[in-house]
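Let us walk through this structure step by step. Keep the sequence and the 3D view side by side as you read.

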Amino acid sequence: MKKEKKPLNVKREIFEWAVSIAVALVAVFLIRTLLFTMIRVEGPSMLETLHDGDRIASTIVDLRLSGPARGDIVVCTYPGEDHYCIKRVIGLPGEVLEVRGGVTYIGGEQLPEPYVTHSMNYDYGPIALGGDEYFVMGDNRRNSLDSRDIGPLAERDLNAIARLRLWPLDRIGLVS
């Protein structure tokens with residue numbers, strides 16, 4: 001007993017392929033919009049933590065669910081700009097921040113910043129952050145355009161939290 005082959009229905013085959021491609025595109029869009037995004041580091045503002053050319057996987061959903069914490073490295077957009085920047089969250093909503101002699105103080109208490117390897121002697125503030133304002137700075141304080149220049153960022157200006165360096169391969173690992 002021989003099985004007969006069913007005739008190929010070209011229209012049905014094309015339709016199934018179109019649906020499969022559409023579902024894949026929607027899935028990619030949702031993942032990129034809601035879950036994570038890839039970022040390329042440009043410039044020296046986050047040295048020595050991140051280097052020019054590093055490729056970073058950044059999560060969106062945890063930023064939206066719990067907000068950023070002090071010390072998180074965030075992907076942000078400066079008001080009026082259309083490109084991403086990568087900076088570290090230093091000051092949180094409602095806090096008073098001040099820099100004296102290059103040392104950062106939150107509410108009068110010195111903030112330990114072991115990630116700052118390129119510091120400089122300068123003063124800034126004090127500045128009281130509003131209920132929706134975050135103060136961000138680059139780890140390379142000598143070469144960073146950040147909240148000291150543009151002011152605090154609103155939560156809507158924070159897009160994702162940097163989590164994992166994927167490139168270069170010899171530096172792959174968690175970002176902190």
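Two strands pair if DSSP finds at least two bridges between them. Helices (H or I, at least four residues) and strands (E, at least two) are DSSP runs, numbered from the N terminus. This is a predicted model, in which local features need pLDDT of at least 70, side-chain atom pairs count only at pLDDT 80 or more, and totals for chains, interfaces and linings use all residues. Residues are numbered from 1 along each chain as its sequence is written, and side-chain values use heavy atoms, with hydrogens and water left out.

Start with the sheet. Four strands form an open sheet in the order S7-S6-S5-S8, with antiparallel pairing. S7 and S8 stand at the edges, each with a single partner strand, so one side of each is left without a neighbour in the sheet. Strands of a sheet pair through backbone hydrogen bonds, either parallel or antiparallel.

Now take the pairs in turn. S5 and S6 (residues 103-106) are antiparallel, with four bridges. Here arginine 100 stands opposite valine 103 in S6. The two strands, S5 and S6, form a hairpin with two residues between them. Glycine 101 in that turn has a positive phi of about 60°. Next, S6 is joined to S7 (residues 109-110) by two bridges, again antiparallel. Isoleucine 106 stands opposite glutamate 109 in S7. S6 and S7 also form a hairpin with two residues between them, and glycine 107 in the turn has a positive phi of about 60°.

Which residues have the most contacts inside the largest nonpolar core? They are Ile90, Leu97, Tyr124 and Phe135, in a core of 13 residues. S5 (96-100), S8 (124-128) and S9 (133-137) each supply at least two residues of this core. A nonpolar core is a set of buried Ala, Val, Leu, Ile, Met, Phe, Trp, Tyr and Cys residues joined through side-chain atoms within 4.5 Å. Buried means under 20% relative accessible area, exposed over 50%, partly exposed in between (1.4 Å probe, protein chains only). Leucine 97 touches residues that include Ile90, Tyr124, Ile127 and Phe135, not counting residues up to four places away in sequence. Contact means heavy atoms within 4.5 Å.

Leucine 153 is found in strand S10 (residues 153-154). Leucine 153 is buried, with a relative accessible area of 0%. Its C-alpha atom is separated by 5.2 Å from that of tyrosine 134, 19 residues apart along the chain. Leaving aside neighbours within four places in sequence, leucine 153 is in contact with Cys76, Tyr78, Tyr134 and Val136, among others. Asparagine 140 is found in the loop between S9 and helix H3 (147-150). Asparagine 140 is buried too, with a relative accessible area of 5%. Not counting residues up to four places away in sequence, asparagine 140 touches Pro44, Ser45, Met46, Leu47 and His118.
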